[in-house]
Amino acid sequence: MRGPALAVRLLVTIPGNPWAGRINARDRAAVKRDGTPYNRKRPGFAAYQEQVRLAALQARRAQQVAFGLDLVEVWISLWVPDRRRRDIDGPIKALLDGLTVAEVWADDQQVWALHVRKHLGAARATVRVARLTERARAC
């Protein structure tokens, strides 16, 4: 007997401010006193990444999705409550890392196409993941 059919798309909604998990260039590259490099991240990064992980785990279970080692395409919608200046790339690292930790895919290097858009509305992020189609690979 075969198991349930696996969906080819996953939709995850993460409530709250996506910019709580932002990471800037100066946050990434830090050097210890002995000269060894390490990644320094803002305190909100780990908390937001965990929020993403929990939302993704819940969505994976409910939608019965598994991407394994397949190449994927990702659409991210970032909802902001006002028109203050926010760099669109700020929350992406926390979102992708949280999805990796939730085992949506084996490694975020499998993300072959990434689409990001900001919207006005209640603060949240939505992420849609789909297997990469042959047509998209050819582009």
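**Charged side chains and their surroundings**

Modeller: Let's begin with Arg86, whose charged end sits over the ring of Trp19, 5.7 Å from the ring's centre. For a charge to count as over a ring, NZ of Lys or CZ of Arg must be within 6 Å of the ring centre and within 35 degrees of the ring normal. Before going on, please keep in mind that this is a predicted model, where local features need pLDDT of at least 70 and side-chain atom pairs count only at pLDDT 80 or more, while totals for chains, interfaces and linings use all residues. Residues are numbered from 1 along each chain as its sequence is written, and side-chain values use heavy atoms, with hydrogens and water left out.

Arg86 also meets Asp82 in a salt bridge, 2.9 Å from N to O. That term stands for a side-chain nitrogen of Lys or Arg within 4 Å of a carboxyl oxygen of Asp or Glu. Arg86 counts as buried because its relative accessibility is 13%, whereas Asp82, at 25%, is partly exposed. Here buried means under 20% relative accessible area, exposed means over 50%, and partly exposed lies in between, with a 1.4 Å probe and protein chains only.

The structure holds five salt bridges. As a general point, side chains of opposite charge can pair when their charged atoms come close. One of the bridges is between Glu50 and Arg53, with the closest N and O atoms 2.8 Å apart. These two residues are three apart in helix 2 (residues 43-63), so about one helical turn separates them. Helices (H or I, at least four residues) and strands (E, at least two) are DSSP runs, numbered from the N terminus. Glu50 is partly exposed at 34%, and Arg53 is partly exposed at 21%.

Another bridge pairs Arg131 with Asp70, and there the closest N and O atoms are 2.5 Å apart. This pair links distant parts of the chain, 61 residues apart: Arg131 belongs to strand 6 (residues 124-131), and Asp70 to the loop between helix 2 and strand 4. Both partners are partly exposed, Arg131 with a relative accessible area of 26% and Asp70 with 33%.

Strands 4 and 6 run antiparallel and are joined by eight bridges.

Within strand 4 (residues 72-80) we find Glu73, which stands opposite Ala130 in strand 6. At 14% relative accessibility, Glu73 counts as buried. The Glu73 side chain makes a polar contact with the side chain of His115 at 2.7 Å. A polar contact is a pair of N or O atoms within 3.5 Å; within protein, one must be able to donate a hydrogen and the other to accept it, and residues adjacent in sequence count only if both atoms are side-chain atoms.

To finish where we started, with a charge over a ring: Arg124 lies over the face of Trp79, at 4.0 Å from the ring centre.

Notes
Two strands pair if DSSP finds at least two bridges between them.
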